[in-house]
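Please open the structure in a viewer and keep the selection panel at hand.

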Amino acid sequence: MVWEHFTIATVEPDLRRAFCKGCNQSFAYSNGTKVAGTSHLKRHIAKGTCPALVHAHAQENENNTTTPTPYTPKGDYTPRRRYRTQSNSAYVSIDQEKCRHQIAKMIILHDYPLHMVEHPGFASFVESLQPRFDSVSFNNVQGDCVATYLAEKQNVIKSLQLIPGRICLTLDFWTSKLTLGYVFVTGHFIDSDWKIQRKLLNVLMESYPESDEALSNAVANCVSEWGLEGKLFSVAFNHSASKAAVEKIRPQICIKNPGILDGQLVIGNCVARTFSGLAKEVLEKGKDVINKIRDSVKHVKTSENHEDRFVELKEQLQVPSDKVLSLDDQTQWNTTYKMLVAASELKEVFYCLETSDPDYKHPPLADNWRQVEALCTFLKPLYEAASTLQSTENPSAVTFFHEVWKTQSDLSRAIGGEDPYVAGIAKTMKEKVDKYWRDCSLVLAMAVVMDPRFKMKLVEFSFSKIFGEDAGKNIKTVDDGIHELFSEYMAVLLPLNPASDGGKADGLSDFDTYIMETTGQNLKSELDQYLDETLLPRVQEFDVLDWWKQNKLKFPTLSKMARDILTVPVSAAAFGDHVFDLEAREMDEYKTTMLRPETVEALICAKAWLIESDASVKTEA
């Protein structure tokens, strides 16, 4: 109602003031994007401080033959009013641009279809909230979503420009019903504060996902778009690729010798994919007994009477388990594992259910339950390791060196056991682990060497147990690769070395000569000095990145190499909740059939960036 008494006028660029129609006194209204509100304007009218209103009221009293009345403003000026009636809506200021931005943000964050803005139900809902809001079309909201993406992209560009070292890329391959492929490209790097970061950079459509060029095209497009030439340290992906496809990626690595460490800086078999492959083998071997358990759980969960009876039996038997039965999602192997664990712990209840519930037919036999326990024994370490991938924002390669090595050792023991059912599963699993170890052990070992608690000692110890007679050859590959990589960093950083400064070079080289003459040996490199130092104690809460941050002055060149090595990711899954997928993710039909590829990329990337930005704001708060 204040707008019956006030008008708005621009007095300077980005500065507007409210002027009283009665006394022409001006009040703050807006400065740039900040709006002062209307409470102070209401007070000017309500408390009788406007001389024009008071004078007008006095005139009314003079002309009034009845008893004079005190000044009372027209309208309702109750403070802190939190809603307006329909009759007041005409006076509510509305920012059309801000409303459209919020609609775009809502669609991005919640994966709503862009066409929803043209649905009659949505239009009716918006009109009931604010009749003055201009309706928007699909084209309008598509443009608004892309504008949001471009605005957020500027922040990502700034963060990439500040990277002190190199960047690693992971490629998560998705399918679609239209036989089109989509590559989610994520960048991993360590920032200037020695914190590991990850940014979704691209979602690229590939018309021919099975071609040898599909992966290398995705890498090339990402490097070109984000200006990453000369900064790419490694590439990992979770898509089956031919040898030719892998070789097309290698030239884009910034390392002078991309074949270093047997070429493992291009990693074609990420940990998440490997664990899912192992789990799939276990589930395939146990599919018959798993179907029996699933039918039993289904019998309980799909009838309220059956479930009540099951709970009653559990209480009578005083079964100590706190597990709750649930049916599994057969596309996510962790849900099948949880179903088996819960059923196994409640097997006594199922035994009793067989005699007390005539509708319960074909229950699992004792031998079936033994097989379930065997399956859970194999799935448990995989589940715990994959859960680390899901819960840890940036899991360490050092951690998974331990996990893969331990898994391989456990499987070797299981193969030699007496139970043929267990031995058969273990043999199949070990073949997959052996392949992963051959493909990725060296790059994982390189990260272990950069951990001052382990260095080459853990590599020597584990390789001797895994490779037997071939251990020496593999240990030498790691040692040679680390030294070759360090030499490359020395060559790149040599101009930054004070010894190359003309004013100091002679003095330092004379000093080096003196040291060699008096000690009879060359100066040790930073790498050899680091490797020769005593191992640090293995404490639980050790932060390897913080250690390198604290020791970067002591090891100026080696710390740069360590930073890049410790950036190498172990999982190519674009999102944490995808590590349990049994098959490649599929892009939803709406995005593939109704939207342009550029719009799909804008929606998915903007969502990831907005969620990350909101989380960062909450953390700072």
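**The sheet and its strands**

Begin by selecting Cys-168 together with Ser-234, its bridge partner in strand S8. The model on display is a predicted one.

Next, select the whole of S8, residues 232-237. Is this strand enclosed by the rest of the structure or open to the outside? Six of its six residues are buried, so S8 is largely enclosed by the rest of the structure.

Strands of a sheet pair through backbone hydrogen bonds, either parallel or antiparallel.

Ala-236 has its bridge partner, Ile-267, in S9. Keep Ile-267 in mind for the next stop.

**The largest cavity**

The structure holds two cavities of 30 Å³ or more, and the largest has a volume of about 70 Å³. Which of its 13 lining residues are closest to its centre? They are Ile-267, Tyr-436, Leu-444, Pro-569 and Val-570. By class, the lining comprises twelve nonpolar residues, one polar residue and no charged residues. Helix H16 supplies the largest share of this lining, namely four residues.

An α-helix has 3.6 residues a turn, so residues three or four places apart point the same way. Lys-430 and Asp-434 form a salt bridge, with the closest N and O atoms 3.0 Å apart. Lys-430 has a relative accessible area of 18% and is therefore buried, the limit being under 20%.

**Further salt bridges**

The structure holds 26 salt bridges. Among them is the one between Lys-287 and Glu-284, where the closest N and O atoms are 3.2 Å apart. Lys-287 is partly exposed at 42% relative accessibility, and Glu-284 is partly exposed at 48%.

Select Arg-596 and Glu-598 next: their closest N and O atoms are 3.9 Å apart in a salt bridge. Arg-596, with a relative accessible area of 47%, is partly exposed. Then select Asp-367, Arg-370 and Asp-419, which are linked in a network of salt bridges.

**Helix H6**

For the last stop, select helix H6, residues 214-226. How far apart are its end C-alpha atoms? They are 19 Å apart, which agrees with the 18 Å that its 13 residues should span at 1.5 Å a residue. Colour the buried residues of H6, including Ala-214, Leu-215, Val-219, Cys-222 and Trp-226. Finally, step to Gly-227, which follows H6 and has a positive phi, near 65°.

Note on methods
Residues numbered from 1 in each chain as written. Predicted model: local features only at pLDDT ≥ 70, side-chain atom pairs only at ≥ 80, totals over all residues. Heavy atoms only, no water. Helix = DSSP H or I, 4+ residues; strand = E, 2+ residues; numbered from the N terminus. Expected span 1.5 Å × (residues − 1). Buried < 20%, exposed > 50% of the residue type's maximum accessible area, 1.4 Å probe, protein only. Salt bridge = Lys/Arg side-chain N within 4 Å of Asp/Glu carboxyl O. Pairing = 2+ DSSP bridges. 1 Å grid on protein atoms, 1.4 Å probe; cavity = no way out; pocket = protein on both sides within 12 Å on 5 of 7 lines; lining within 4 Å. Points joined across faces, edges and corners; volume = space filled by probe spheres on them. Nonpolar A, V, L, I, M, F, W, Y, C, P; charged D, E, K, R; others polar.
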